[in-house]
Amino acid sequence: MIAGNHDGFFDPRSRHQADLHNTLDFKGIHYLQHANVTLTFPRAGDRQLVFYGAPQIPACGGDDFAFQYHRDQDVWSDTIPRSIDVLITHTPPRHHLDLPHGMGCEFLLKEVWNVKPKVHVFGHVHAGYGQESVFWDEGQKAYERVCARERSGLFRDFLDPFAWLDTSRVAFYGVKGVVWNQIWGGAGTGTLMINASLTYRSTGKLGNAPYVVDI
C-alpha cells in the first residue's frame, strides 16, 4: 500500500493538528513510502517479487494535499532500486495514462526508463484509468516526443516534418512489436503500465473496476 495526496496523515506537512501524536497499526499490510518489500509466493514455487512504492506528486493543490513537490523539481532521479519487479507510485509518468492535461511527471518518466519494471501501477489522474504496454525502444521515444510537442495550430502541426517523422517511427515500431510478439512469438521486454484509479473521473464516486494482473 502507498499513500496519495489525500492521505494527509502520512505527511507531517499536511497532517491535522489533532493527529500529530496518533499512530497507525498496519497489522499485516505493507505500507511503502520510499521503500521496497520482497514477497514470497509459496503456491508459485516460492517465487519472489520485489515491490517499491513512493507517494509524491507534482503540486496540484493546497496545503492540505500531501507529498507535493514543485513540478520543475526532480525528486525521482536515482531513487528507485533497479532490481524491482513492480513499481507503485501515486502520480503517473508524463505522457502515460495521465489524461486529459498531461498531469504526469516528466522526471518520474525518466526514472522509469532507467528502471524498466515489469509492472508500474499508479493512479491520481482519474480520467487516465486504463492500461498500456510500454516498450523501451525508439518507437517509445518518438511517441513521447510527439506528446511533448507544443501545439502551434492545426496547419503548422500538419506541416511539421519532424512530427511526421516521429509519427512514422511510432507506427513502424508498433507494427514491428505486434509482429514480433503475436506472430513470431518473441518475448516482450516492456512494462505494463496501469492507471488503477477507482474513482470515476471527477465525480468523487467509485466507478472503475479494480485490475487483476498476472505477472
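Trainee: Contact means heavy atoms within 4.5 Å. With that in hand, what does D7 touch, not counting residues up to four places away in sequence?

Mentor: D7 touches A66 and F67 on that count. Keep in mind that this is a predicted model.

Trainee: Where is D7 found?

Mentor: D7 sits in the segment before β1. In sequence, D7 and F65 are 58 residues apart. In space, their C-alpha atoms are 7.6 Å apart.

Trainee: What does the side chain of D7 reach?

Mentor: The backbone nitrogen of G4, at 2.7 Å.

Trainee: What about S14, buried or exposed?

Mentor: S14 is buried, because its relative accessibility is 8%. S14 is also in the segment before β1.

Trainee: Which residues is S14 in contact with, leaving aside neighbours within four places?

Mentor: G8, D63, D64, F65 and A66. A polar atom of the S14 side chain lies 3.2 Å from the backbone oxygen of G8. A66 is also touched by D7.

Trainee: Let's zoom out. How many helices and strands are in the protein chain?

Mentor: Four helices and eight strands. Along the sequence the pattern reads β-β-β-β-β-α-β-β-α-α-α-β.

Trainee: And how much of the chain is buried?

Mentor: Buried residues are 35% of the 215 in the protein chain. The chain exposes about 13300 Å². Carbon and sulfur atoms supply 57% of that area.

Trainee: What share of the contacts with a separation of 6 or more comes from residues 24 or more positions apart?

Mentor: They account for 63%.

Trainee: Now the sheet. What is the strand order?

Mentor: β1-β2-β5-β6-β8-β7, an open sheet of six strands with mixed pairing. At the edges are β1 (35–41) and β7 (130–134), each pairing on one side only. From one strand to the next, the twist averages 20 degrees.

Trainee: How do β2 and β5 pair, parallel or antiparallel?

Mentor: Parallel, over four bridges. In β5, I88 is the residue opposite G53.

Trainee: What does I84 touch beyond four places in sequence?

Mentor: V50, Y52, V115 and P117. I84 and K118 are 34 residues apart in sequence, yet 8.2 Å apart in space, C-alpha to C-alpha.

Trainee: Which residues touch the most other members of the largest nonpolar core?

Mentor: W76, I80, I84 and M193. That core has 20 residues. Both β2 and α1 (106–115) supply at least two residues each. The most come from α1, with six.

Trainee: Which other core lies apart from it?

Mentor: One of eight residues, among them L32, F51, V119 and I194.

Trainee: Back to M193. What is M193 in contact with, outside four places in sequence?

Mentor: Quite a list. It includes P93, H96, L97, V112, H120 and F122. M193 also contacts G130, Q131, E132, V134 and W136.

Trainee: Is Q56 buried or exposed?

Mentor: Buried. Q56 has 8% relative accessibility, which means it falls in the buried class.

Trainee: Last topic, helix α2. Which residues are buried there?

Mentor: G139, Q140, A142 and E144, in a helix that covers residues 138–148.

Trainee: What happens at the start of α2?

Mentor: D137 makes a contact there. One of its side-chain oxygens comes to within 3.1 Å of the backbone nitrogen of G139. Compare D7, whose side chain reaches the backbone nitrogen of G4 at 2.7 Å.

Methods:
Residues numbered from 1 in each chain as written. Predicted model: local features only at pLDDT ≥ 70, side-chain atom pairs only at ≥ 80, totals over all residues. Heavy atoms only, no water. Buried < 20%, exposed > 50% of the residue type's maximum accessible area, 1.4 Å probe, protein only. Polar contact = N/O pair within 3.5 Å; in protein donor to acceptor, adjacent residues only side chain to side chain. Pairing = 2+ DSSP bridges. Axes fitted to C-alpha atoms, helices over the stretch in contact; angles between N-to-C directions. Core = buried A, V, L, I, M, F, W, Y, C linked by side-chain atoms within 4.5 Å. Areas by Shrake-Rupley, 256 points an atom, 1.4 Å probe, with all protein chains shown as cover.
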